[in-house]
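Please keep the structure in view while reading.

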Amino acid sequence: MISNFVTKRFHQRIDFMTQYLALNCELGLLIGEKYLLQGLVENILEEDDVMAVAILDQNKNILAEGRRILSGPFEQINKRVFSSNSQESLNWIGGMEKNKAPEIIGEVQITYSLQGITELINTMKKQVFAGALALILVSCLIFHFISRSLVAPIVSLADTARKVSMGNRDVRAAPGTTPEIIRLSQAFNNMLDSLAKGRKTLVRTYEKLTRQQALVEVGKFSMMIAHEVKNPLGIIKSSLELIKSEFNIPEDDLLLRYAEEEIVRLNHLIESFLMFSKPAKPQFEKVDLNQLLEQIAMGFDIQSSTTGVQLDCRIPESKFEAQADFDLLARGIGNIIKNACEANEHKGLVTISVVEHYKMDKTAHKWELFIQDQGPGISREKKTKIFEPFFTTKSTGTGLGLAFADQAIKAHGGNISIESPESGGCCFCVTLFSNIREPEVLKVYDTDINS
């Protein structure tokens, strides 16, 4: 196919040169100018593969010719030269003479060699043969490597399965190179990921059960403390009051003041244990969350004269009603605000802001509360443990305030998170919804010490 194409293009080139010569030698034939015709002949002889050129008049007499030595074989092509003036005059006259044949005034002959095109075709055949041979060799090599690449992933997959069976659960199969091997490796890795996920779920479930069991023990311990310690503390406090009145001890006596403060601290610790270990069952009713937050903030504002913390409240005046337990939610949010005040070391500013979200039909949907302090912030490691019971960063803290807040928020189908903004401190975000969305039931632990 390539040979035929090249040969056809070659003959078309020679035919074009002959046609070009026939058109340009018309004037020379009409006026008999041999020098002009000879120049045209010499120009054509400069072309490759042209061996001889001749220009003849209408009587076959040679007016100009030229040749050079080339190797054969040869072929010759002839073209007649027509008078364009006679043709134009005939067309202008019209009538029957319009269909007369144009006048022949001469002829051009070009003899050309086929040796160059023959050598070119032979060279191309050799190159195509060499390319085909190289392609065959490359194909053999590709087949060899592809066959090895098809087997290698299967061997690797078998080796991975052997490692998993020996207890290495972190190993994964190589992705492979072919679509079939890729799908097989993905299915194998998905199976291993599913097993790992199931194992993590079992571990979390076991940890949750362990934590619940620990909280049950805390409940039992709290009831024992309430029975064995709370009543004696009340007696001690009453006795101190009698001693102060009987012996006329002044109110600012340092030793008695220390004793009374320690009694109050122990009493607060016992109440915190009791509140967390035996929370009340939520009683849901329609509550305006913005009004609830205003009442909480009002209580802290009253204490600000003694604590030194200023509250910057940005609470919308509109209503945002949701099903909630007023007292339980108030205690939970109050614990978060109290924690922020303590993080400020009873000074500075605590910012409280609310963002309301509405649906397309302008009905209330989501209520977000942001409480930001100006404290030292919290590290990433402590952030994951901040809501765990008994975890605290304060020297006098019980570690139950935020744990109770987390429990109360989740009982309302919401969630609580903590962030560390670039401005410093911590920012707690409480998210609640207008309708309860799968709330977590507050765990009422068995606190009967005799059970």
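## Strand pairing

Ile77 stands opposite Ile110, a residue of strand S4. The model in which this pair is seen is a predicted one. S4 (residues 104-113) pairs with S3, and nine bridges join these two strands in the antiparallel sense.

S3 and S4 belong to an open sheet of four strands, with the order S2-S1-S4-S3 and antiparallel pairing. Strand S2 (62-67) and strand S3 (74-82) are the edge strands, each pairing on one side only. From one strand to the next, the twist averages 10°. In general, the strands of a sheet pair through backbone hydrogen bonds, in either a parallel or an antiparallel manner.

## Helices across the sheet

Helix H1 (residues 2-24) lies across S3, S4 and strand S1 (50-57), and runs at about 35° to S3. Helix H3 lies across S1, S2 and S4; the angle at which H3 runs to S2 is about 25°.

## Salt bridges

Ten salt bridges are found in a search of the whole structure. One of them joins Arg13 and Asp49, with 3.9 Å between the closest N and O atoms. Arg13 lies in helix H1 and Asp49 in the loop between H3 and S1, so this pair ties together parts that are 36 residues apart in sequence. Arg13, Glu47 and Asp49 are linked in a network of salt bridges. With a relative accessible area of 30%, Arg13 is partly exposed.

A salt bridge is also formed by Arg162 and Asp159, where the closest N and O atoms are 2.5 Å apart. These two residues are separated by about one helical turn, because they are three residues apart in helix H5 (residues 115-165). Arg162 is partly exposed at a relative accessible area of 43%, and Asp159 is partly exposed at 29%. Asp312 and Arg314 form a further salt bridge through their side chains, at 3.0 Å from N to O. Asp312 is partly exposed, its relative accessible area being 23%.

## A nonpolar surface patch

Leu27, Leu30, Ile31 and Leu36 make a nonpolar surface patch of about 370 Å². Helix H2 (residues 26-31) contributes the largest share of this patch, namely three residues. Leu36 is placed in helix H3 (residues 34-45). Leu36 counts as partly exposed because its relative accessibility is 36%.

How values were computed. Residues are numbered from 1 along each chain as its sequence is written. This is a predicted model: local features need pLDDT of at least 70, side-chain atom pairs count only at pLDDT 80 or more; totals for chains, interfaces and linings use all residues. Side-chain values use heavy atoms; hydrogens and water are left out. Patches are made of residues with over 30% relative accessible area and no salt bridge: like charges are joined within 9 Å, nonpolar side chains (Val, Leu, Ile, Met, Phe, Trp, Tyr) within 5 Å. Accessible areas come from the Shrake-Rupley method with a 1.4 Å probe; for residues, only the protein chains shown count as cover. A salt bridge is a side-chain nitrogen of Lys or Arg within 4 Å of a carboxyl oxygen of Asp or Glu. Buried means under 20% relative accessible area, exposed over 50%, partly exposed in between (1.4 Å probe, protein chains only). Two strands pair if DSSP finds at least two bridges between them. Axes are lines fitted to C-alpha atoms, for helices over the stretch in contact, and angles run from 0 to 180 degrees between N-to-C directions. Contact means heavy atoms within 4.5 Å.
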